[in-house]
Structure formats: C-alpha cells, structure tokens
Amino acid sequence: MNKTQHSSSDTAMWSNPRFRNWVAVARACHLVQQELARQLKPLDLKTPHLDIMVNLVRHPGMSQQDLANKLFVGRSNMTMLLPQMEKRGLVERRPDPEDKRALRLFLTEEGRALAEKAIAVQSAIVDDIMSLSTPEECEQVGDSMRRIVGHLVDRHSGDADLTEAAQ
C-alpha cells in the first residue's frame, strides 16, 4: 500500500468525528507542551519542574507520594527531580510534625519567586491560545475534559492514586 492508498479501517477511523477531534486535542496538547518548554528555557526550568512547583504553590507541605500521585508519575521520578530542585534552592523537605518518618515538601522563597514567573509564562500561553475561542467554547472544552476525567476516574475507582490525582 503506498502513501496515497488508505485501508478502509483508516478511512473509517478518520471519518469518525470522535477520533478526528480527539487527535486534534492530543496534537494541540503536545504543541502547547512544546511551546511551554521553549518559553520556560530562559528560566532554566523544564515542564516537570513547573508541575511540581504549581502543586507546591497550591498545596504547600505535600508528601512526595501525594505529589507523585497528583502528577501521575512514580516515586522514582520524584526521587530524580526533587534533589535537582533542592540543589538549586527551590524546594525543601521538612519533617512532618505528626509522622517522624515522613517529609513534607515546600517551595523556598527563591522557589516561590521562580514559580510566580513560570506560572505567568504558562498563564500567558493559555490566555493566548484560549483567546481563539469564545468564553462559551472554553467552557464547553473544559466541561468535555472534566467529563473525560470523571469517566476515567469512575472506571478506575478502585485505584485510589488515580482518583486522588484527578482532583
């Protein structure tokens, strides 16, 4: 089969608006991530670092496990990323006053300042992209994505990590 020939399943797949539109969402998400990575480069940040910082701005004192669950990553990823951020003076681990074995994560003053700059970058990208849609269209997109998250969480309701991370 050459490039101009398509199988009937390929044609059916692409004529299905659910498939075609989902691919558009996935492509847009990928390109936004690339743009975010490009714009974070001058701050010497990568998107996983921003994800950590955003969560610690919203939930100071999270445990490493809670953060890993929220970001849909394994503890090994956190074990790799957090020391990098600690070395830069962006994050600190403090003992949990109620559980001496646990550590809680906090942004340092420098970390909070950098997080503000990075969040402003991310917000500007989102504002620019979403300005292409009316407020009603933005709400429709959000409603659709929240339904998808809810559906997947319901499907995996026994998976506490997924349920917690989706919130």
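Colleague: Let's begin with the strands: how many bridges join β1 to β3, and do the two run parallel or antiparallel?

Modeller: Strands of a sheet pair through backbone hydrogen bonds, either parallel or antiparallel. Here β1 and β3 run antiparallel, joined by 2 bridges. Two strands count as paired if DSSP finds at least two bridges between them. The elements themselves are DSSP runs numbered from the N terminus: helices are H or I with at least four residues, strands are E with at least two. Within this pair, S63 stands opposite R104 in β3.

Colleague: Before we go on, what kind of model is this, and how are residues numbered?

Modeller: This is a predicted model, in which local features need pLDDT of at least 70 and side-chain atom pairs count only at pLDDT 80 or more, while totals for chains, interfaces and linings use all residues. Residues are numbered from 1 along each chain as its sequence is written, and side-chain values use heavy atoms, with hydrogens and water left out.

Colleague: Thanks! In what order do the strands lie in the sheet?

Modeller: The order is β1-β3-β2, an open sheet of 3 strands with antiparallel pairing. At the edges are β1 (62-63) and β2 (91-95), each pairing on one side only. Between β2 and β3 (residues 103-107) there are 5 bridges, and these strands also run antiparallel. In residue terms, V91 has L107 as its bridge partner in β3, and E92 stands opposite F106 in β3.

Colleague: Which helix packs on the sheet?

Modeller: That is α5 (residues 75-87), which touches β2 and β3. A contact means heavy atoms within 4.5 Å. The direction of α5 makes about 105 degrees with that of β2.

Colleague: And how should I read a pair of packed helices?

Modeller: Two packed helices are described by the angle between their axes and the distance between the axes. Axes are lines fitted to C-alpha atoms, for helices over the stretch in contact, and angles run from 0 to 180 degrees between N-to-C directions. Take α3 (residues 47-58) and α6 (residues 109-130): they pack at about 110 degrees, with axes 10 Å apart. The two are therefore roughly perpendicular; that label covers 65 to 115 degrees, while under 35 is roughly parallel, over 145 roughly antiparallel and the rest oblique.

Colleague: Which residues meet there?

Modeller: From α3 come L50, M53, V54 and V57, which meet G111, L114, A115, A118, I119 and Q122 of α6. By type, the contact has 8 nonpolar residues, 2 polar and no charged. Nonpolar here covers Ala, Val, Leu, Ile, Met, Phe, Trp, Tyr, Cys and Pro; charged covers Asp, Glu, Lys and Arg; the others, Gly among them, are polar.

Colleague: Let's follow A115. Is A115 buried or exposed?

Modeller: A115 is buried, because its relative accessible area is 0%. The classes are buried under 20%, exposed over 50% and partly exposed in between, using a 1.4 Å probe and protein chains only. Beyond its neighbours within four places in sequence, A115 is in contact with M53, V57 and L107. A115 and L90 are 25 residues apart in sequence, yet their C-alpha atoms are 9.0 Å apart in space.

Colleague: Which residues other than glycine have a positive phi?

Modeller: Two examples are D44, near 55 degrees, and F72, about 60 degrees. D44 sits in the loop between α2 (17-40) and α3, and counts as exposed because its relative accessible area is 53%. F72 belongs to the loop between α4 (64-70) and α5, and is exposed because its value is 55%.

Colleague: What about cysteines: how many disulfides are there?

Modeller: The search of the whole structure finds 0, a disulfide being a pair of cysteine sulfur atoms within 2.5 Å. C29 is partly exposed because its relative accessibility is 47%, and C138 is partly exposed because its value is 21%.

Colleague: To finish, what pattern does the whole chain follow?

Modeller: Along the sequence it reads α-α-α-β-α-α-β-β-α-α-α, with 8 helices and 3 strands. Of its 167 residues, 24% count as buried. Among contacts with a separation of 6 or more, 48% involve residues 24 or more positions apart.
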